[in-house]
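User: I would like to learn how to read the features of a fold. Please take me through one.

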Amino acid sequence: MSNLSRRKLITTGIAATAGASGLAVAAGLARRYGLIPPDGGGIYGAGETLTYAAQRLLTSHSMAREFSRSQISKTPFANDVAPMDEAFKRLQAGAFAGWRLAVDGMVARPGSFALADLKSYPSSSHITHLACEEGWSYIAEWTGVPLSHVLDKVGVLPQAKYFVYFSQQKGWWDSVDMADALHPQTLLTYGLNGGELPVGNGGPLRMRVPRQLGYKSVKYITRLTVTDSLKTFGKGLGSAAPEDGYAWYAGI
């Protein structure tokens, strides 16, 4: 990746505007440097590849913009979710004391963490913009433990490439590459605007990936899996929603 110049990438991007042949050139260049996203095949694959490769190369260490407290939205929007099942309601009635986060896959020390465990680790907060693909957005302060800290606890194996996270809601999951998983702003979030994270906003535990669109910040997280391939995770690859149609990479 380090050997691919920004000039070459930008030149290829310009070529891509000429049509499908340009996109094919871009995809070939990205493949050469190991920058093919999991949804890099099919009719839209070349475009997805160009987007992913361009953002990774040009903004690999970038930070999502952070805002002042005066810019926090008055009412953080909580979009509609399906009614939670009885198991969730029982956990909620017990103030989520029984909530567990399992971590497995390509790690040296698989484990399970209670909310109290996560809250005992060094915390981080940032005031960032959550942008939904549906067109609405808001600015809020998110507080939680950096995902990188938890991954350090379990010992991610060197060959790992992706990080998959699953919701309490059946069929809802998503994934990011290790660059976003280890990014300092990526949080396992349990707080919002100085208080507990409300259920409507994903409480008790929500993934927060501020460098990507809102559907990557999956609610009600209960399991994390580290892997070197996403091929075994079923249809709807990379989508937080059960239906197809979402790009795997949603960088903003």
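**Sheet, cores and rings**

Analyst: Start with the open sheet: five strands in the order 2-1-10-5-6, with mixed pairing. The model is predicted, so local features need pLDDT of at least 70 and side-chain atom pairs count only at pLDDT 80 or more, while totals for chains, interfaces and linings use all residues. Residues are numbered from 1 along each chain as its sequence is written, and side-chain values use heavy atoms, with hydrogens and water left out.

User: How do I read the pairing, and which strands are the edge strands?

Analyst: Strands of a sheet pair through backbone hydrogen bonds, either parallel or antiparallel. Two strands count as paired if DSSP finds at least two bridges between them. Strands are DSSP runs of E, at least two residues; helices are runs of H or I, at least four; both are numbered from the N terminus. Here strand 2 (111-114) and strand 6 (173-177) are the edges, each pairing on one side only. Strands 5 and 10 run antiparallel, joined by six bridges. Ser-167 has Ile-221 of strand 10 as its bridge partner.

User: What does helix 6 lie across?

Analyst: Angles run from 0 to 180 degrees between N-to-C directions, with axes as lines fitted to C-alpha atoms, for helices over the stretch in contact. Contact means heavy atoms within 4.5 Å. Helix 6 lies across strands 1, 2, 5 and 10, at about 140° to strand 2.

User: How do I read a core, and how many residues has the largest one?

Analyst: A nonpolar core is a set of buried Ala, Val, Leu, Ile, Met, Phe, Trp, Tyr and Cys residues joined through side-chain atoms within 4.5 Å. Buried means under 20% relative accessible area, exposed over 50%, partly exposed in between (1.4 Å probe, protein chains only). The largest core has 33 residues; Phe-163 and Tyr-165 are among those with the most contacts inside it. Helix 6 gives the most to this core: four residues. Apart from it lies another core, of nine residues, including Val-164 and Trp-248.

User: Why does the ring pair of Tyr-52 and Trp-248 tie together parts apart in sequence?

Analyst: Rings of Phe, Tyr and Trp (its six-membered ring) pair if their centres lie within 6.5 Å; planes under 30 degrees apart are stacked, over 60 edge-to-face, the rest tilted. Tyr-52 and Trp-248 are edge-to-face, 5.3 Å centre to centre with 75° between the planes. Tyr-52 is in helix 3 (residues 45-58) and Trp-248 in the segment after strand 10, so the pair joins parts 196 residues apart in sequence. Both residues are buried.
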